[in-house]
Amino acid sequence: MTDKDFNEADIQDRIIETVDEEGNKFKFELHEIVNFEDKMYAVLEAVDMPEIDDEDEIVIMRVNQQNEDDYTLEYIDSDEEFENVKNYIIELEEEAAEEE
């Protein structure tokens, strides 16, 4: 998928639409934005995507702030970066579960 511009209003709606290189549109529900190693990452869930068997599939994308109100999503190309972010998110979830 290519970068996707979005803004504060999109975050409030919690549904973000992305467009891939072929112009296909995909919708994701934004679950949270986490900060890890001075970068922001969006935790997203596929919405209304019949081509994905498991609609509970979680996607993690890097968030780049373009200006005060506009952002871009991009896939994480580095396996190492992805694994580090994924593990950090799992740790956050485990800590939150312990607090409940």
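## A buried glutamate

E81 is buried, its relative accessible area being 16%, where buried means under 20% relative accessible area, exposed means over 50%, and partly exposed lies in between (1.4 Å probe, protein chains only). The structure is a predicted model, in which local features need pLDDT of at least 70 and side-chain atom pairs count only at pLDDT 80 or more, while totals for chains, interfaces and linings use all residues. Residues are numbered from 1 along each chain as its sequence is written, and side-chain values use heavy atoms, with hydrogens and water left out.

## The salt bridges

Side chains of opposite charge can pair when their charged atoms come close. A search of the whole structure finds 3 salt bridges, each defined as a side-chain nitrogen of Lys or Arg within 4 Å of a carboxyl oxygen of Asp or Glu. In one of them, E81 meets R62 with 2.7 Å from N to O; R62 belongs to strand β5 and E81 to helix α2, so this pair ties together parts that are 19 residues apart in sequence. Helices (H or I, at least four residues) and strands (E, at least two) are DSSP runs, numbered from the N terminus.

R62 is itself buried, with a relative accessible area of 12%, and R62 also forms a salt bridge with E74, where the closest N and O atoms are 2.2 Å apart. Because E74 lies in strand β6 (residues 70-74) and R62 in strand β5 (residues 58-65), this pair joins parts that are 12 residues apart in sequence. Through these contacts, R62, E74 and E81 are linked in a network of salt bridges.

## A pair within helix α2

E83 and K86 also meet in a salt bridge, at 3.3 Å from N to O, and as they are 3 residues apart in helix α2, about one helical turn separates them. Both ends of this pair can be described by their accessibility: E83 is partly exposed at 34% relative accessible area, and K86 is partly exposed at 29%.

## The negative surface patch

E32, E91, E93, E94, E95, E98, E99 and E100 form a negative surface patch; such patches are made of residues with over 30% relative accessible area and no salt bridge, like charges being joined within 9 Å and nonpolar side chains (Val, Leu, Ile, Met, Phe, Trp, Tyr) within 5 Å. Helix α2 (residues 79-99) gives the most to this patch, with 6 residues. E94 lies in that helix, α2, and counts as partly exposed at 48% relative accessibility.

How values were computed:
Areas by Shrake-Rupley, 256 points an atom, 1.4 Å probe, with all protein chains shown as cover. Lys, Arg positive; Asp, Glu negative; His and termini not counted. Charge placed at Lys NZ, Arg CZ, Asp CG, Glu CD.
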